[in-house]
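Here are my notes for your first read-through. Keep the model open and find each residue as you go.

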Amino acid sequence: MAKSMSSAKKLQQSAILFPTDLGEKASKDISGAMNSVLADVFALYLKTKNFHWHVSGPHFRDYHLMLDDHGEELFAMTDPIAERVRKLGGTTLRSIGHISKLQSISDNNADFVEPSDMLAELCQDNIKLTARMREAHDICDKYNDTATASLIEEWIDQTERRAWFLFETGRKMDSSGH
């Protein structure tokens, strides 16, 4: 019993070595970049759901449904990002604490946020996420990792779409009624 426990503990501390033709440095650099993206996706997901749960006012239904859709898109990104990191031989996020160390998206713990401020904040956060994904894409290009780069390209398009919707939804009407 003691021997099997000792063996199990050694395995827990062992590095995960999954071979990739990209090499160890590429694996570390791309995995690091993608873990940072993943941390921001989780942070933005939780903020989007927070605002989804707490939105109020005359546009409640529209905002509530839009933010739910955005949350689903963000959550759908998480597993493919983490699995891509693993395919590259890296390890990925393990906890909320790990996310908080890597995220660049700020949390919003306010008791009340005006709906227009929610939309504006999420718009800026999606723009920030786009920038972080572009940085990760540059790292993928450096190592000729076309598989990760192509996934990122799809996610950039989705993220830009969310930012666009948030921006347009949050615009004030002008005197022409538009």
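**Notes on salt bridges and the core**

1. Start with Lys49. Its relative accessibility is 11%, so Lys49 counts as buried, because buried means under 20%. Keep in mind that this is a predicted model.

2. Which residue does Lys49 meet in a salt bridge? The partner is Asp68, at 2.6 Å from N to O. Lys49 lies in helix α2 and Asp68 in helix α3 (residues 60–87), so the pair ties together parts that are 19 residues apart in sequence. Now check the partner's surroundings. Asp68 has 22% relative accessibility, so Asp68 counts as partly exposed.

3. Asp40 forms a salt bridge with Arg132, and their closest N and O atoms are 3.3 Å apart. This pair links distant parts of the chain. Asp40 sits in helix α2 (residues 24–54), while Arg132 sits in helix α5 (residues 115–142), 92 residues apart. Are these two buried or exposed? Asp40 is buried, and Arg132 is buried too.

4. Next, find Lys47. Its side chain meets that of Asp125 in a salt bridge, 2.6 Å from N to O. Why does this pair tie together parts that are 78 residues apart in sequence? Because Asp125 lies in helix α5, whereas Lys47 lies in helix α2. Both Lys47 and Asp125 are buried.

5. How many salt bridges does a search of the whole structure find? The search finds 10. Asp40 with Arg132 is one of the pairs that form a salt bridge. That pair joins α2 to α5 across 92 residues of the chain.

6. Now turn to the nonpolar residues. The largest nonpolar core has 38 residues. Which residues have the most contacts inside it? They are Met34, Ile81, Met133 and Ile152. Helices α2, α3, α5 and α6 (146–170) each supply at least two residues of this core. The largest share, 10 residues, comes from α2. As background, nonpolar side chains in soluble globular proteins tend to be buried together.

7. Finish with Met34. Set aside its neighbours within four places in sequence. Met34 is then in contact with Ile81, Val85, Ala136, Thr148, Ile152 and Trp155.

Notes. Residues numbered from 1 in each chain as written. Predicted model: local features only at pLDDT ≥ 70, side-chain atom pairs only at ≥ 80, totals over all residues. Heavy atoms only, no water. Salt bridge = Lys/Arg side-chain N within 4 Å of Asp/Glu carboxyl O. Helix = DSSP H or I, 4+ residues; strand = E, 2+ residues; numbered from the N terminus. Buried < 20%, exposed > 50% of the residue type's maximum accessible area, 1.4 Å probe, protein only. Core = buried A, V, L, I, M, F, W, Y, C linked by side-chain atoms within 4.5 Å. Contact = heavy atoms within 4.5 Å.
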